[in-house]
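The following paragraphs give a guided reading of the structure shown below. They treat backbone geometry, helix packing and salt bridges in turn.

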Amino acid sequence: MAAAAINIAPEDVVQASQQNERVPEPGVVVIFGASGDLTKRKLLPALFHLEQAGLLPEQFRVVGVARRDLGAEFAKDMKRGIIEFGGVKDGANKLDRFVGKVGYHQMNFDDDEGYAQLKALLEGYDRDYGTRGNRLFYLAVAPEYFADIIHRLGNHGMAHPEIGTARVIIEKPFGHDLESARALNDDVNKVFDEQQIFRIDHYLGKETVQNILVFRFANGIFEPVWNRNYIDHVQITAAESIGIEGRGPFYEKAGALRDVVQNHMMELLSFVCMEPPVSFHADAVRYEKVKVWRAIKPIDIRDTVRGQYGPGVVDGVEASGYREEDRVNPDSQTETFTALKLEIENWRWAGVPIYLRAGKRLHKRATEIMIEFKQPPTLLFNRANRGACKDIQPNLITMRIQPDEGISLRFGAKVPGPDMTVCPVNMDFNYATAFGTSSANGYERLLLDAMLGDATLFAHRDGVEATWSLYTPVLEAWANSKPLAFPNYASGSWGPKEATDLLLRDGRQWKKL
Ligand code: BG6
């Protein structure tokens, strides 16, 4: 297919980004669970990128909190993380100065004495470094610690400080079903007000995800056709070629539905399907998202597919099956793949199926949203019979969330020649070509927004409960059904045959990625 690139002048990009600079108040980011991978691979590199971009205040500190006795080693380890995972060169401008602002506090999360010392440490920062009582607590710990840490922060007067503001970022998973999510929300809301709470989903930090809203609501031409009159169906795929990466105990309890569908994929769905919000402010955006989730029909269990990978070959390398992974039950019934059909019962979407699929150890890594439009009412032109142009194809908008970020529009074009042969071609927008590459990992934007107190790109309690309401009955039905003959797809494939059948049944196919 032919592709037409769209080019943007680099000076326009620089100008646009300069206008958007937002620098938070002085403050401290306090990371609980700082010895874990997330801090080193994502959070510290993201904070350093903000520093490089001039988006952090001068009076800024980071303090890592964890049980291990790391002391000054912590800052050195974080420096290595920034270099390795942040694509930063050793000796980069501002790097040592930034690392000099990184401190460490050793404590057990259930030790009150440790909280008292932490409070004293932060007050010392206020005096010595001018951080003015502003704290952003980041809970990068296992979910069983969330409620207790929050409770103790409250008891030690750190949730509602006399001077400055306190905010808390809570990592996923936010609950493992509706009941546990409600209980956690209740626990957190006893200590922090809703506007202090930032439930993070790193998908919302991705440029391409935010761009879904820009595509729909900053352009006049798409919105009029963005409904059941013109759209045939929607497909959302989140395919990963990696396996569970040593996270056996976590994944055994989670599975694909809890790990990525209830959160990341539902965020994607909400941006594709929500009504235009009245403004781009937290409450307005989150209100529209919840409306869409609540409009989804209870899922018919026959519209769900589960899969688990067996051995196979991914990218030319032999891969073992899920049941052979470290600390995984050799008879595990945990799904590493799921496909679902959803229906949104509202004026815009009634009758337009939304198909979701997500899985590990699939053929390749690709997260994409595909909107397939209805065919024109009559086909004027002869069906072509040349090579790729066999059938007249429906229009498609494909949003490539990652890794090849961009958007393409497929339409039919006349093949040069004496007859009216129609062939599909693509108009293609590619992020890297248009704007240059970006090292952003999604966390930059979200950390910055949380420091600024802007919750637009964070989950609200109502939203979390709405998505769990939808999926809890599915999880219960799966748990009560008879064991499946797992593994049912080979590593390196596109998942189990049942996923293909889910669409075939409706006369459709998954788009080739
Ligand atoms: C995480 C999941 O939330 O998202 C992982 O726990 C998954 O299992 C990851 O691999 C995918 O994120 P990304 O940004 O690589 O698409």
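**Backbone, packing and charged pairs**

Arg361 counts as buried, because its relative accessibility is 16% and the cut-off for a buried residue is under 20%. The model is a predicted one. Arg361 is located in the loop between β14 and β15 (366-373), and its phi is near 55°, a positive value in a residue other than glycine. Asp315 also has a positive phi, of about 50°, although it is not a glycine. This residue belongs to the loop between β11 (312-314) and β12 (317-319). Asp315 is exposed, since its relative accessible area is 63% and exposed means over 50%.

These backbone values deserve attention because most residues other than glycine have a negative phi, and most peptide bonds are trans. Two cis peptide bonds may be inspected next. One runs from Lys172 to Pro173, with omega near 0°, and Pro173 is placed in the loop between β6 (166-170) and α7 (178-191). Another cis bond leads from Phe486 to Pro487, with omega near -5°; Pro487 sits in the loop between α13 and β19 (489-490).

The next topic is helix packing. Two packed helices are described by the angle between their axes and the distance between the axes. For helix α9 (residues 248-273) and helix α10 (residues 282-294), the angle is about 105° and the axes are 9 Å apart. The two helices are therefore roughly perpendicular to each other, as the range for that term is 65 to 115 degrees. On the α9 side, the contact involves Met266, Glu267, Leu269, Ser270, Phe271 and Cys273, which meet Lys289, Val292 and Trp293 in α10. Sorted by class, this contact comprises 6 nonpolar, 1 polar and 2 charged residues.

Helix α10 can also be considered by itself. Its 13 residues should span 18 Å at 1.5 Å a residue, and this agrees with its end C-alpha atoms, which are 18 Å apart. The buried residues of α10 include Ala282, Val285, Arg286, Glu288, Lys289, Val292 and Trp293. The buried residues of this helix pack against α9 and α13.

Which charged side chains are paired by salt bridges? Glu223 and Arg348 form a salt bridge in which the closest N and O atoms are 2.7 Å apart.

Arg22 forms a salt bridge with Asp454, with 3.8 Å between the closest N and O atoms. This pair links distant parts of the chain, 432 residues apart: Arg22 is in the loop between α1 (10-19) and β2 (27-32), and Asp454 is in the loop between α12 (443-452) and α13 (461-480). Arg22 counts as partly exposed at 28% relative accessibility, and Asp454 counts as partly exposed at 22%.

Arg80 and Glu73 meet through their side chains in a salt bridge of 3.7 Å, N to O. Arg80 is partly exposed, at 44% relative accessibility, and Glu73 is partly exposed, at 39%. Salt bridges that share partners join Arg80 and Glu73 with Lys40, Lys76 and Asp77 into one network.

Notes
Residues numbered from 1 in each chain as written. Predicted model: local features only at pLDDT ≥ 70, side-chain atom pairs only at ≥ 80, totals over all residues. Heavy atoms only, no water. Salt bridge = Lys/Arg side-chain N within 4 Å of Asp/Glu carboxyl O. Helix = DSSP H or I, 4+ residues; strand = E, 2+ residues; numbered from the N terminus. Buried < 20%, exposed > 50% of the residue type's maximum accessible area, 1.4 Å probe, protein only. Axes fitted to C-alpha atoms, helices over the stretch in contact; angles between N-to-C directions. Parallel < 35°, antiparallel > 145°, perpendicular 65-115°, else oblique. Contact = heavy atoms within 4.5 Å. Nonpolar A, V, L, I, M, F, W, Y, C, P; charged D, E, K, R; others polar. Expected span 1.5 Å × (residues − 1).
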